Amino acid sequence: MGRLEYLAVLGACVLVTLPLELAGARVYRRPRRLARAVLPVALVFLVWDAIAIAGGVWDYAPESLTGIRAPFGIPLEEVLFFVVIPICGVLTYEMVGLTLAAVRRFAGRRVRR
């Protein structure tokens, strides 16, 4: 896949979890709440990455990246990673909560009968 490999994986993560939003997770419909959950953590890890890159602690395989870099040398794909993966996690978390609530409601009805 070459230079689009990292982006393809991130896109696949979005595609796999998108049905959760359509099934009722309501994560994308509450952008402020989502931003409060994702952005502070993303900022911490982006600063961490910037420090590690500047210090020569690590870098990324250039053959798997587009070559576009954000400030402080952070690859575009890494910036997207710190946004996409937490969003996918929040979608999954919300859907598990909805599913468990539905199971509890169903189990409660069955017990009463």
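Predicted model: local features only at pLDDT ≥ 70, side-chain atom pairs only at ≥ 80, totals over all residues.

Trainee: Okay, so why is R29 called partly exposed?

Mentor: R29 has a relative accessible area of 47%. That value lies between 20% and 50%, so R29 counts as partly exposed.

Trainee: R29 has a partner, E21. What makes their contact a salt bridge?

Mentor: The rule asks for a side-chain nitrogen of Lys or Arg within 4 Å of a carboxyl oxygen of Asp or Glu. In the pair E21 and R29, the closest N and O atoms are 3.4 Å apart, so the pair passes.

Trainee: And is E21 buried or exposed?

Mentor: E21 is buried: its relative accessible area is 5%, which is under 20%. E21 is also listed among the buried residues of α1, together with Y6, L10, T17 and A25.

Trainee: How many salt bridges does that rule give?

Mentor: Three. Another one joins R30 and E94, with the closest N and O atoms 3.7 Å apart. R30 sits in the loop between α1 and α2 while E94 belongs to helix α3, so this pair ties together parts that are 64 residues apart in sequence. R30 itself is partly exposed, at 28%.

Trainee: What about the bridge between R69 and D59?

Mentor: There the N to O distance is 3.2 Å. R69 and D59 lie in the loop between α2 and α3, so the pair ties together parts ten residues apart. R69, at 36%, counts as partly exposed, and so does D59, at 48%.

Trainee: Let's do helices. How do you know that the span of α2 agrees with what a helix should give?

Mentor: Helix α2 covers residues 31–54, which is 24 residues. At 1.5 Å a residue they should span 34 Å, and the end C-alpha atoms are 32 Å apart, so the two agree. For α1, with 21 residues, the first and last C-alpha atoms are 28 Å apart, close to the expected 30 Å.

Trainee: Where does α2 kink?

Mentor: At V38, by about 25°, shortly before the proline P40. α1 has a bend as well, about 30° at T17, and the proline P19 follows within four residues.

Trainee: Which residues of α2 are buried?

Mentor: L34, V38, A42, L46, D49, A50, A52 and I53. Here's some background: an α-helix has 3.6 residues a turn, so residues three or four places apart point the same way.

Trainee: What makes up the largest nonpolar core?

Mentor: Twelve residues: Y6, L10, A42, L46, A50, I53, Y60, L65, I74, F82, V84 and C88. In general, nonpolar side chains tend to be buried together in soluble globular proteins.

Trainee: What is the phi of R26, and where does R26 lie?

Mentor: Phi of R26 is near 55°, a positive value in a residue other than glycine. R26 is in the loop between α1 and α2, and at 41% this residue counts as partly exposed.

Trainee: Which loop holds F72?

Mentor: The loop between α2 and α3. F72 isn't a glycine either, yet has a positive phi of about 70°. With 70% relative accessibility, over the 50% cut-off, F72 counts as exposed.

Trainee: Last one: how far apart are the C-alpha atoms of P86 and L39?

Mentor: They are separated by 9.3 Å, although the two residues are 47 apart along the chain. P86 is in helix α3, and its 27% lies between the two cut-offs, so P86 is partly exposed.

Notes:
Residues numbered from 1 in each chain as written. Heavy atoms only, no water. Expected span 1.5 Å × (residues − 1). Bend = angle between axes of the 7 residues up to and from the residue. Buried < 20%, exposed > 50% of the residue type's maximum accessible area, 1.4 Å probe, protein only. Core = buried A, V, L, I, M, F, W, Y, C linked by side-chain atoms within 4.5 Å.
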